[in-house]
Amino acid sequence: MLAYRHAFHAGNHADVLKHVVLVQVLRYMARKDKPFTLVDTHAGAGGYSLEGRFARKKAEYELGIARLWPRRDLPAPLADYVELVRRFNGGGGARAASARLAQYPGSPAFAQMLLRPQDRLRLYELHPTDHRILAAYLGGHPNTQVAQADGFAALKGELPPPSRRGVVLIDPSYELKSDYAKVVGALREALTRFADGSVMVWAPQLTTIESKEMPRRLQSVADPLAKKGWLHARLTVQQPDARGFGLIGSHVFVANPPHVLHATLAPLMQFLADVLGQYDGAHYLLEQAQ
Ligand SMILES: C[S@@+](CC[C@H](N)C(=O)[O-])C[C@H]1O[C@@H](n2cnc3c(N)ncnc32)[C@H](O)[C@@H]1O
């Protein structure tokens with residue numbers, strides 16, 4: 001069953017948090033010349049039109065990236081992220097003012113903008129349509145491999161990466177409840193094979209028991225295995241709907257985070273809660289163990 005299409009959600013508040021953190025992790029990795037590998041186990045289509053029928057249907061990006069796009073008062077890491085989105089829209093640098101928000105980059109597109117020629121990109125996507133779009137976009141790029149395969153199963157063969165420097169992004173749709181256990185298992189597998197690799201997990205903040213338990217489950221895997229500890233960022237932007245459902249926020253968990261990540265995120269989480277909040281009680285949590 002593959003009903004989930006990220007095109008409906010591209011650029012929403014959860015993508016903003018995830019991609020702000022991803023950009024900072026990749027920037028940190030690029031501080032050293034030594035090559036690194038990014039394994040994106042659930043890559044999506046790579047980029048999304050915000051003017052197509054999918055994105056227009058719920059217009060989630062209007063409560064996400066569109067709220068940051070016009071601002072001139074962004075803290076530096078958010079300005080960095082928005083500049084990359086502008087670049088994806090053909091308007092980076094001097095042409096920034098003229099860019100229109102018509103497309104949103106997926107994680108592979110952020111990677112494509114931030115990886116250097118010596119780095120490796122490994123992208124896994126199961127959905128046939130999204131895989132086809134992704135393969136057409138990045139399939140021919142040097143040092144890039146796009147596979148229509150199960151990213152959970154593929155992880156084992158990717159770790160540790162040849163240069164022993166790497167980042168893993170685990171970002172499934174959680175369309176099936178079994179994804180929660182698979183993500184916990186994948187984190188364990190990744191850290192067992194590569195104890196100092198940075199492993200980033202995205203998870204939805206819902207009112208379900210699986211969602212509520214997820215951060216503690218991830219922490220209990222990382223505590224004994226991750227050599228450099230972990231970081232957990234949660235951004236809550238909405239209240240549950242009348243039936244108690246809905247995506248009220250999201251979590252990003254990073255095992256072996258860059259040592260500067262907490263200090264980078266701390267000043268901007270309240271800003272994100274203020275700008276992306278859809279009710280007065282929007283708030284965040286930022287915690288780490290070293
Ligand atoms: C949340 S989206 C990914 C978004 C992307 N990482 C980004 O940030 O732009 C999750 C994707 O995982 C794909 N998917 C679902 N199960 C998968 C699996 N077992 N292996 C690889 N891809 C899978 C879905 O088709 C969907 O495109």
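**A friendly first look at the chain**

1. The chain carries 10 helices and 10 strands; helices (H or I, at least four residues) and strands (E, at least two) are DSSP runs, numbered from the N terminus. Its radius of gyration is 18 Å, close to the 19 Å that the globule rule gives for 290 residues, so the chain is as compact as a globular protein of that length. That radius is taken over C-alpha atoms, and the globule rule is 2.2 Å times the number of residues to the power 0.38.

2. Before going further, please keep in mind that this is a predicted model: local features need pLDDT of at least 70, side-chain atom pairs count only at pLDDT 80 or more, and totals for chains, interfaces and linings use all residues. Residues are numbered from 1 along each chain as its sequence is written.

3. Now the overall build. Along the principal axes, the C-alpha atoms fill a box of roughly 40 × 40 × 40 Å. Of the 290 residues, 45% count as buried; a residue is buried if 20 or more other C-beta atoms lie within 10 Å of its own, exposed if 12 or fewer, and partly exposed in between, with C-beta atoms placed from the backbone. Among contacts with a separation of 6 or more, 76% are between residues 24 or more positions apart. Two residues are in contact if their C-beta atoms, placed from the backbone, lie within 7 Å.

4. Look next at the parallel pairs. Strand E1 (residues 37-40) runs parallel to strand E4 (residues 120-124), joined by 4 bridges, and Leu-38 stands opposite Leu-121 in E4. E6 and E7 also run parallel, with 4 bridges between them; here Val-167 faces Ser-198 in E7. Strand E7 (residues 198-205) is mostly covered, with 7 of its 8 residues buried.

5. Which sense of pairing joins E8 to E9? The two strands pair in the antiparallel sense over 7 bridges, and Arg-234 stands opposite His-251 in E9. E8 is joined to E10 by 7 bridges as well, with these strands running antiparallel; His-232 has Glu-287 in E10 as its bridge partner. Of the 7 residues of E8, 6 are buried, so this strand is largely enclosed by the rest of the structure.

6. The peptide bond from Leu-159 to Pro-160 is cis, with omega near -5 degrees, and Pro-160 sits in the loop between helix H7 (151-158) and strand E6 (166-170). Arg-164 lies in the loop between H7 and E6 and has phi near 60 degrees, a positive value in a residue other than glycine. With 14 C-beta neighbours inside 10 Å, Arg-164 counts as partly exposed. Asn-256, in the loop between E9 and H10, has a positive phi of about 55 degrees although it is not a glycine; it counts as buried, with 26 C-beta neighbours inside 10 Å.

7. What surrounds the ligand? There are 21 residues around the ligand, the closest being His-42, Gly-44, Gly-106, Ser-107 and His-127. A residue is near a molecule if its C-beta atom, placed from the backbone, lies within 6 Å of it. The shell divides into 7 nonpolar, 8 polar and 6 charged residues; Ala, Val, Leu, Ile, Met, Phe, Trp, Tyr, Cys and Pro count as nonpolar, Asp, Glu, Lys and Arg as charged, and the others, Gly among them, as polar.

8. Ser-211 is buried, with 20 other C-beta atoms within 10 Å. Leaving out residues up to four places away in sequence, Ser-211 touches Ala-203, Pro-204, Gln-205 and Leu-206.

Conventions
Two strands pair if DSSP finds at least two bridges between them.
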